[in-house]
Structures are given as C-alpha cells and as structure tokens.
Amino acid sequence: MASTTKVIGSKPSDCFQFQAPNTWICVTELESDVVIEVGGVSFHLHKLPLINRSATLKNLINDEATDGDDDDGRKQCTIQMDDIPGGPEAFELAARFCYDVQLELTAANVVPLRCAAEHLGMAGAVHQTESFLSEALRNWNDAVRALHACDAALPLAEDLLVVQRCVDALASKACADPTLFGWPMLHYYTAAARKGLDEETVVWNGIATPGKPRSPGADWWYKEASSFRLPVYKRLIVAMKSRGMGPASIAGSLAHYARRHISGLLGRHGGKSRAAAAAALSDGEQRAVLEEVVALLPEEAGVAATRFLLGLLRTATVLHASAACRDALERRAGSQLDDAALEDLLIPNVGYAAETLYDVDCVHRMLDQFVMESTASAASPEIITTDEGGQLVDAAASAELRPVTTVAKLVDGYLAEVGTDPNLKLSKFHAIAALVPDYARALDDGLYRAIDIYLKAHPWLTDSEREQLCRLINCQKLSLEACTHAAQNERLPLRVVVQVLFFEQLRLRTTVAGWFYVADNVDRGSSSSDHWRRQSSSDLDFAPQASSEDEEEAEAARHAELSSAMSVEEIRQRVSELESECSSMRQEIHRLGKPKGALSRLFQKLGFGGRSSSSRQRQQQLLRSSSTDKRRNSVDLGC
C-alpha cells in the first residue's frame, strides 16, 4: 500500500513563482493589488480570488485602509498575518487553493492546510482536507507523517482534535495483529521485497520473484513511535495501554525510546543517528525523558530487563533525577537482582561530597529489597529433602533458592571489585556482606577472596576490626585451595588461621575414617563371598569351572581394592603433613609468647596448648602405634 496522495485544482502549478528575497508572486494578466505578509514572507496576490474563497481575508481586506496608490492609480493594501497555523508554507497552499491552482495533498501537508483553512474560514478547503485526512489515517506511515505535521499547527490542531485522531489511529494499528491479511505492514514488506531487502528471491520458470514476506516482530512499530516528541509519545503509550497492549511491548517501546533520546543509554551499539538525536537534547530534557519513561513503565515484574533498569539508574544519578525516580528504579531493579551483571552494579558516585568511587549505598538498598522479597516468598532454607532415588538434596540447590545463590555470587564479585577503594568504610563493606544469608553460599571462597582484597587495600585496620570482618567467613565452607591460601595468609587474624587448619584436619580425618569403613565392608564382603563359593563348590560336584569373565571381574575388584588402599595412603600422608604444619605453628606461637584469654582456651580445645613436651611425645608415639595397628589390620583384611 503506497502513500496516499491527491491532486486538487485545475490551473497549472507554475502560476505561483518564488522570487528573492522571500516573495511569492501569482503570475496573471492583472497586477497584484494586495500584499499579505506571513512570517517574513510576502505574497503578492489579488483581492478577488481571496475574497471569494476566504471569509477571514474578505473581512480583513474590506476593513484595511489604503496606505498608498501605485503608479496606475490603483489602490493596494498590505495585511500582516503572523498567526496562521503552519506558517508561510501552509498559507501558500491556501493561496493556491483560492486560485484553483493544482496542488498535491499528502499526509505531510494536509494537517497544516486543514488548520490554515479553518483559520481563514475556507469552507471548501476544510471539506476536502477532512476527507483526505480520514483516508490517510488508514495507513500507518501516513498516520505517522500526519502526527509529525501536527507540531507545526499547534494549538489549533489540538482544538480540532487532529492530534487525538492521529494518536488513536496509530494506537489501534499497533495493538492489532500485523500478520492479519498483511495489514498494516504489507506495503513495507512488499517494498522491501522489490528492493531485495530482507527477503528471499524465488526463481520460477526462469523468472525471479520475491519470496513470501516474513512476519514482522512485535517491535515493528518501535522505531516510528520513538520519533515523536515526549508529550505526543506519552499520549500514544497511554492510548495503547487503554487498548490492551501487552506490558512487554510497552516496556520494549519505552526502552527503545529511552535509548534513542538519552545519551547515557546508547552503549557500544548506539549508532551515529541515535547519538545525534540524543545530543540534540539538553541535560534537562534528557532528565525529563528519563523520569517520564520510569513513570510509564508497567508495574508487572520482569517486563523490563534488569540491565536496562540499572542503566536508567546510572543515568539518573548522573543527570540528578528526582529522588522518587531513583527510588522507583532501585525498587524495580532490586526485585530482579538475580538477572543483573557485575558491570551493571558499578554505579559511579557523582558530586564533590562523594567519598567512594562507586555508589555502595544504592547497591545496599537494592540488595536489601531483594533479600526481603526472597525470604518472604521462599520456603525454609534449612530443610533437606530427598529426590526420587532416595538421595539427599540440599535445599540451596533447589529451584526456589537458585536466585539467592546467584545473587550471593554477584555480591561476592561486587565486594571484591569495590574492596580496592581505600575510602570504603568497614561498616558499609560489612553491611553488604552480612545481608546475604548463610544458606545462599555453597562455598565461602568468593567471600574470602573479597575480604582478603579489602584487608590488602586497608592495612591500617586493627586486629579487632579484622576479626569482626572475618567472622563472616564460615571456615567449614572453604574449599581445599582456599584453606591452603588462608593457612599462609599473613593478613588474616591468628584465630581464623587456627580455625581453618582445625577444620581442614577434621575434614581429612573424617575422610580417612570413611575410607576405613568402606575398606572394612569390602573386605568382609569379599571374605564371606569366598567362603560361600568354597562351600557351594564342595557341596555341589556338578558346578562348572569359573569362566574367564568371572576371573576378569575378580581381577578388577582386586585392582579397585588396591587403588582404594593407595588413596588411603595418600590421605594418611596428607594428614601427617597437616600435623607437621600444626606442630610448627604451635612452636611459632609459643616462641612469640604464651597465648592468653579466649585464644588460649581455643588452643587447649584444639590440643595445641597446656601439655608438656613429654606428654606430646607420648601422644605422638600412641598415634604412630595406632596407625601401625590399623595398617596391619588393613593388610590382614586384604587391603
């Protein structure tokens, strides 16, 4: 469907000629007897055609007094008209209509001509422009052009309800299914197919024909809608909402409009055209666009991407948007924080009074919002259930707690990033880390890394402050690599290092005990099965000989038992190394001085203090003898 056009008038169009500077002349046999000045442009016309077609011009010409006579003695009058809607361009079209000169009506000029005809009292022009406008509004592109043309004819275009008619036409077409009968976008795809754009060419009998047009997406109207001014775009969005437009489509259009008109949201893929459009707006205009976009966002959760919301929040901070706008963005972004990326949370602090590089308080408020909503909706995180196979499943790995675990990793990464700022206070760092519940972290390696980075960037912290910060770490949830690093970390308090070593030793001893338990069960099972085979072979004289497959299975079982015994030996060696490290550490502690207070009681519980050297030697001999007896028993059992 091509653009709608209509030619009216019978006389040739070259009757009107433009002469510099800023003068229009109607070439006829008679000389001009009236001059009408509109917006600095002079129109040398004749009274008779104007009086016959325009009631307003008739009254002005009759009331206007003659300022002077020309050479022929004819009277000439000058009329000043600067309030014509559409300016000189619209008056030129109206003058052509008065002279019955040919002019082409299009969607771009019908609205200024309609308003100028109303202002000049031209009943015939009003009728023809109204008929053409109703036809043009059936086409999407023509309706867009007509709505753009309304800007030059305000406020009369509003009084005549032309703007509202254009908005309603666009809203009804955007809400309709564009795939039904190829309407209203069939003309776009046909033109694209003719040009070979975005279409496949089908060759049939040697003739190339355009393939079937692909169905337009739900965002086919975003680009045209984003070209309107903010007040017009707001009316269009409100009209679409009233007609049942989906919240996802509304949010997508708002995001497209914001990226086009706000320079801070362009990113790496903004493009030159969008950058130029955004640069044309001042900071105040961009701030108005941002606040209006936030107000128009649908209330449904998840319709707006978290990255887009955080981008709006970052730009709102730079543009100094209102507090209500920032609070709304923090609330919406905080409720879906599990979809955020680390780079999106790094919101810079602006202003001379800013102490830190990034806005840590903003992230703290968003995290508080997320934790509050997640704890209110989630089930008890301490429950451990069983799956269909009877295996134990931790609730932290369930689908309900997956967003919380994702946010925990995100917060650990954020703390590691902002922890390098020397101006970041301990209270703010501790508050953010403590907001994440303990069940959200399967391992505390990320938290340990963030705390270590913060301690490295803040070497002036006291011992009590270091211990307060390290209490956030659950030493039982550190991996082997993290434990190894913590045991050699000089920035950690001594209490934390001792706890790490203790829990690592306890974990290894538990593992060794489990291996012994498994080895004992395997040996007992193998001995009982051998006894049953010997008894059954002695009782039954017709039992066949063991096949080669049975021999291979037995060999594989013996190999598995041997490998398990080797694994036990490796674990024993690791335990011995750990005990050596503990002994060397104990000697270093006693060399520095006898521990006092709670630390001394902790050493006594761990078995590091309160004993003489002879008692320690007896304990080591008992451990060696017990380990030798266990090794002999394992050898006797077939390990």
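This is a predicted model: local features need pLDDT of at least 70, side-chain atom pairs count only at pLDDT 80 or more; totals for chains, interfaces and linings use all residues.
**View 1. Overview of the protein.** The protein has 27 helices and 12 strands, taken as DSSP runs numbered from the N terminus (H or I over at least four residues for helices, E over at least two for strands). Of its 639 residues, 40% count as buried, where buried means under 20% relative accessible area, exposed over 50% and partly exposed in between, with a 1.4 Å probe and protein chains only. Among contacts (heavy atoms within 4.5 Å) between residues at least 6 apart in sequence, 68% join residues at least 24 apart.

**View 2. The largest nonpolar core and Phe-308.** This core has 153 residues, and those with the most contacts inside it are Ile-36, Leu-45, Val-111 and Phe-308; a nonpolar core is a set of buried Ala, Val, Leu, Ile, Met, Phe, Trp, Tyr and Cys residues joined through side-chain atoms within 4.5 Å. Its largest share, nine residues, comes from helix 19 (residues 402-418). Leaving aside residues up to four places away in sequence, Phe-308 touches Leu-254, Ala-255, Ala-258, Arg-259, Leu-265, Val-293 and Leu-297.

View 3. Helix 19 has 17 residues and reaches 25 Å from its first C-alpha to its last, close to the 24 Å expected at 1.5 Å a residue, the expected span being 1.5 Å times one less than the number of residues. Its buried residues include Val-404, Val-407 and Ala-408, each of which also lines the second largest cavity, together with Phe-370, Val-371, Ser-374, Val-436 and Pro-437. A cavity is a set of points on a 1 Å grid over the protein atoms alone where a 1.4 Å probe fits but cannot get out, and lining residues have an atom within 4 Å of a point. About 30 Å³ of space lies in this cavity, and the lining divides into seven nonpolar residues, one polar and no charged.

View 4. Thr-306, in helix 15 (residues 306-319), is buried with a relative accessible area of 5%. Apart from residues up to four places away in sequence, Thr-306 touches Ala-333, Gln-336, Asp-339 and Ala-340. His-320 is found in the loop between helix 15 and helix 16 (323-335), where its phi is near 60°, a positive value in a residue other than glycine; His-320 is exposed, with a relative accessible area of 56%.

**View 5. Backbone details in two further loops.** Asn-22, in the loop between strand 2 (16-19) and strand 3 (23-26), has a positive phi near 55° although it is a residue other than glycine, and at 41% relative accessibility Asn-22 counts as partly exposed. The peptide bond from Leu-154 to Pro-155 is cis, with omega near 5°, and Pro-155 lies in the loop between helix 6 (140-149) and helix 7 (156-159).

Technical notes: Residues are numbered from 1 along each chain as its sequence is written. Side-chain values use heavy atoms; hydrogens and water are left out. On a 1 Å grid over the protein atoms alone, a cavity is a set of points where a 1.4 Å probe fits but cannot get out, and a pocket is an open set with protein on both sides within 12 Å along at least five of seven lines; lining residues have an atom within 4 Å of a point. Grid points are joined across faces, edges and corners, and a volume is the space filled by probe spheres set on the points. Ala, Val, Leu, Ile, Met, Phe, Trp, Tyr, Cys and Pro count as nonpolar, Asp, Glu, Lys and Arg as charged, and the others, Gly among them, as polar.
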